[in-house]
Each structure stands twice: as C-alpha cells, then as structure tokens.
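Me: I'm new to this one. Can you walk me through it?

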Amino acid sequence: MPLDRDNDLVQVDGQSALGTLVELHGRILDARGEPLKQALVEIWQVDADGIYLHSRSGSRQRRDAGFQGYGRFETASSGEYRFRTIRPVAYSSRTPHIHVAVTLPGQPRFTTQCYIRGEPRNADDFVLNGVADARARELLQVDFLPGANGEQLARFDIVLGLTPSDNAPS
Ligand SMILES: [Fe+2]
C-alpha cells in the first residue's frame, strides 16, 4: 500500500505522472438508482509504461515515481466519486483498463474493471470477453472524452445490486 493513497494519483512527492491525464468520475448507485454514501471506492492501474505498483513486481525500479498507482475515495450523500489519474495503457496481453473496487460498510468488496470505449484491443481481451453478457460488456466500456488542457474526462457509474435494506443507515 503506498503512503500516498488519496484520489489524486498523478502527483507524488512533488513529481508529476507521465501519460495523458484523466479525470475519472461517476456515481455509486443502488438497484433503484439511488446514490450510495460511505462507499469506499478504490482504483489501481499500471503506470504509463505498463508497470504495476506491486511489492512482487520485477519491474519496480522502472516504475514512474510520479504515479501513485492506487487511490481511494469515500462517497458522500451524492454517491459521487472522483479521481485524477492517467489514461490506462495496454500491458502484456491486456487491453487498457482501470481496476475499480467498491466496498460499503458491512458488505463484501465488489471489484470490476473500467475499459476505454473504441479501444481496438478490447476485441480480444480475455477478461473483458469473459463477461458473457453483451450488454454488461458494453457497460464496462466508457468514453474517454477530450477535456480542458489536453486532459480527458471519463464517467463510470457503478450500480450495485443492493436492496435498500442492505444499505440501511446505521
Ligand atoms: Fe490489470
């Protein structure tokens, strides 16, 4: 776990990350479309060279010191989350993706992956295509839209199949 684990992954000890900057945001919603608060949202992804922050990674020495690799954010009543990160890149056999985990109090950790819509390598990615349902595969792919100052904007909403009583206020 990095010491710096906030929702800004592109600044570490005064160093800036390499890569295309992306604002990844969205909402955590229940099955009725109501926002979920107190959801811990975690993301992790490779740096601009395709290297993970991992204690067993053989490529550790070559890691981008300006990229945090992991970040977390807890939702408030709006259910919204927000990260500053980089546009994911492909590594080994994988198409570009951002790992996302959501944990609600008293609930098991839910993990998924966010993909770039229109990315050619999505077509033969074994994890993405392991999702049998075509509509579900679509929902995992989001637009990375041009924003200000050469940065990009990506919106990834996550609906958890919870009933209201599962998330009762405590
Ligand atoms: Fe990965």
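Reply: One definition before we start: two strands count as paired if DSSP finds at least two bridges between them. Keep in mind that this is a predicted model.

Me: Okay. How do E7 and E8 pair, and over how many bridges?
Reply: They pair in the antiparallel sense, over 6 bridges. Val 100, for instance, has Thr 112 in E8 as its bridge partner. Val 102 stands opposite Phe 110 in E8.

Me: What about the hairpin of E7 and E8: how many residues lie between the strands?
Reply: There are 6 residues between them. Gly 106 in that hairpin takes a positive phi near 75°.

Me: And how do E4 and E7 pair?
Reply: Antiparallel again, with 5 bridges. Here the bridge partner of Ile 43 in E7 is Val 100.

Me: Zoom out a bit. What is the strand order in the open sheet?
Reply: The order is E5-E4-E7-E8-E9. That makes 5 strands, with mixed pairing.

Me: Which strands stand at the edges?
Reply: Strand E5 (70-74) and strand E9 (141-142) do. Each has a single partner strand, so one side of each is left without a neighbour in the sheet.

Me: Now the whole protein. How many helices and strands?
Reply: The protein has 1 helix and 12 strands. Along the sequence the pattern reads β-β-β-β-β-β-β-β-α-β-β-β-β. The radius of gyration is 16 Å, close to the 15 Å that the globule rule gives for 170 residues, so the protein is as compact as a globular protein of that length.

Me: What box do the C-alpha atoms fill?
Reply: Roughly 45 × 35 × 35 Å, taken along the principal axes.

Me: What share of the contacts joins residues 24 or more positions apart?
Reply: Such pairs account for 70% of the contacts with a separation of 6 or more.

Me: And how much of the protein is buried?
Reply: Buried residues make up 24% of the 170 residues.

Me: Which residues touch the most other members of the largest nonpolar core?
Reply: Leu 24 and Val 100. That core has 23 residues. The elements giving two or more residues to this core are strand E3 (21-29), strand E4 (40-44), E6, E7 and strand E8 (110-116). As general background, nonpolar side chains tend to be buried together in soluble globular proteins.

Me: What does Leu 24 touch, leaving out residues up to four places away in sequence?
Reply: Leu 24 touches Ile 43, Phe 83, Thr 85, Ile 98, Ala 154 and Phe 156.

Me: Switching to loops. Where is Ser 92?
Reply: Ser 92 is in the loop between strand E6 (80-86) and strand E7 (97-103). Its phi is positive, about 35°, although Ser 92 is not a glycine.

Me: Is Ser 92 buried or exposed?
Reply: Exposed. The cut-off for that is 12 or fewer C-beta neighbours, and Ser 92 has 6 inside 10 Å.

Me: How far apart are Ser 92 and Gly 50?
Reply: In sequence, 42 residues. In space, 8.2 Å from C-alpha to C-alpha.

Me: Last one: what is the phi of Asp 13, and where is Asp 13 found?
Reply: Phi of Asp 13 is near 50°, a positive value in a residue other than glycine. Asp 13 is found in the loop between strand E1 (11-12) and strand E2 (15-16). Asp 13 is exposed, with 9 other C-beta atoms within 10 Å.

Key:
Residues numbered from 1 in each chain as written. Predicted model: local features only at pLDDT ≥ 70, side-chain atom pairs only at ≥ 80, totals over all residues. Helix = DSSP H or I, 4+ residues; strand = E, 2+ residues; numbered from the N terminus. Buried ≥ 20, exposed ≤ 12 C-beta atoms within 10 Å, placed from the backbone. Core = buried A, V, L, I, M, F, W, Y, C linked by C-beta atoms within 7 Å. Contact = placed C-beta atoms within 7 Å. Rg over C-alpha atoms; globule rule 2.2 N^0.38 Å.
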